[in-house]
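Good morning, and thank you for coming. I would ask you to look at the sequence and the structure together while I speak.

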Amino acid sequence: MGEDGAVTSAPQRPDGPTPTPRLIATDLDGTLLRDDKSVSDRTVAALAAAEAAGIEVFFVTGRPARWMDVVAEHVHGHGLAICANGAAVVDLHAGREFVQVRELPRADALAVVYALRAAAPGSSFAVELTTGIHYEPTYPPFYQDPGATVATAEKLLYEDPSTAAAPVLKLLSHHPELSPDAFLTLARAVAGEHGAITRSSPTALLEISGLGVSKASTLEHCCAERGISPAEVVAFGDMPNDVEMLSWAGTSYAMGNAHPAVIAAASGRTVANNEDGVALVIERILADLPRRD
């Protein structure tokens, strides 16, 4: 069993329909990437084959733009990726340049901080800006970001001149004792009016974006620009931050290692990320193409 009761494997042939899509949208961690954060040769080949067949591929992730190097060379054509749970669209062909930013207003971020400090004592916070992440002294340290400013959330949001100018992409909150789903439920109850609250970590780590900001809403905008309808999208995911995207897409797959809420939201199921579940579905789609011509 996986985190929060999610299964870690599924039948070798994914269930659910596999219509010919115009766009494939896939999460990264726990979905496209293996647990060692690598992209398998099989997956690389499947992504390239999809693009060669005229199917656009969008990486849609909670990761910030600076953590996209692992897949930067595997995005073809448009070069775009949706990062920070929909708060940013970045161009991986142009050095991770921001194409669109949907920021979290600082007043809303501060309101979430106050609400969680009161409802869940022991909560600690980090602030993800377009320029990098900064966090409180008790927040689990980000070893990939050694240049981060360490200060209270209040100072990071309003007082520190080094962090005051850049747009806020996400507020993050960690709790050392609550279970991940319990923390999520509590936060949505006490602070849901101030932001879109979700999670993607196996720990009690919440991700708060601006109201209405999600992977789904930003993906919908990118698809509308291309004249692509939800029915022409196939999406993949494994954690609660993928639920809206999987519900929006015409066809969606929960990974074999997915959270129960993701399994409930998806229209189909594939095998786990370590078994190349995304590649398996893409291969099936491409194999069916000649029979649909």
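Consider the contacts in the chain between residues at least 6 apart in sequence: 61% of them join residues at least 24 apart. Please bear in mind that this is a predicted model. The chain has 293 residues, and 55% of them count as buried. As for secondary structure, the chain holds 10 helices and 13 strands.

In which order do its five strands lie? The order is β7-β6-β8-β10-β9, in an open sheet with antiparallel pairing. At the edges are β7, residues 132-135, and β9, each of which pairs on one side only. On average, neighbouring strands of this sheet are turned by 25° against each other, with direction ignored.

Within the sheet, please find β6, which covers residues 124-129 and is joined to β8 by six bridges, the two strands running antiparallel. As an example, Leu 129 has Val 168 in β8 as its bridge partner.

Helix α4, residues 106-119, lies across β6, β8 and β10, and runs at about 5° to β8. Helix α6, residues 180-191, packs on the sheet and touches β8, β9 and β10. The direction of α6 makes about 180° with that of β9.

Is Lys 170 buried or exposed? Lys 170 counts as buried, because its relative accessibility is 5%, and the limit for buried is under 20%. A polar atom of the Lys 170 side chain lies 3.0 Å from the backbone oxygen of Gly 62. Gly 62 is also one of the residues that Lys 170 touches, once residues up to four places away in sequence are set aside. Others on that list include Ala 84, Asn 85 and Leu 104, as well as Ala 126, Val 127 and Glu 128. The list also includes Glu 207, Ile 208 and Ser 209.

Let us compare this with Ala 196, found in strand β9, residues 196-199. At 24% relative accessibility, Ala 196 counts as partly exposed. Leaving aside neighbours within four places in sequence, Ala 196 is in contact with Glu 207, Ile 208, Ser 209, Gly 210, Leu 211 and Val 213. How far apart are Ala 196 and Leu 104 in sequence and in space? They are separated by 92 residues in sequence, and by 9.3 Å in space from C-alpha to C-alpha.

My last topic is the aromatic rings. The count of aromatic pairs comes to two. In the pair of Phe 236 and Tyr 253, the ring centres are 5.5 Å apart and the planes stand at 20°. Why is this pair called stacked? The angle of 20° between the planes makes it so, because planes under 30 degrees apart count as stacked. Phe 236 lies in strand β11, residues 233-237, and Tyr 253 in strand β12, residues 251-254, so the pair ties together parts that are 17 residues apart in sequence. Phe 236 is buried, with a relative accessible area of 0%, and Tyr 253 counts as buried at 0% relative accessibility.

Note on methods. Residues are numbered from 1 along each chain as its sequence is written. This is a predicted model: local features need pLDDT of at least 70, side-chain atom pairs count only at pLDDT 80 or more; totals for chains, interfaces and linings use all residues. Side-chain values use heavy atoms; hydrogens and water are left out. Buried means under 20% relative accessible area, exposed over 50%, partly exposed in between (1.4 Å probe, protein chains only). A polar contact is a pair of N or O atoms within 3.5 Å; within protein, one must be able to donate a hydrogen and the other to accept it, and residues adjacent in sequence count only if both atoms are side-chain atoms. Contact means heavy atoms within 4.5 Å. Helices (H or I, at least four residues) and strands (E, at least two) are DSSP runs, numbered from the N terminus. Two strands pair if DSSP finds at least two bridges between them. Axes are lines fitted to C-alpha atoms, for helices over the stretch in contact, and angles run from 0 to 180 degrees between N-to-C directions. Rings of Phe, Tyr and Trp (its six-membered ring) pair if their centres lie within 6.5 Å; planes under 30 degrees apart count as stacked, over 60 as edge-to-face and the rest as tilted.
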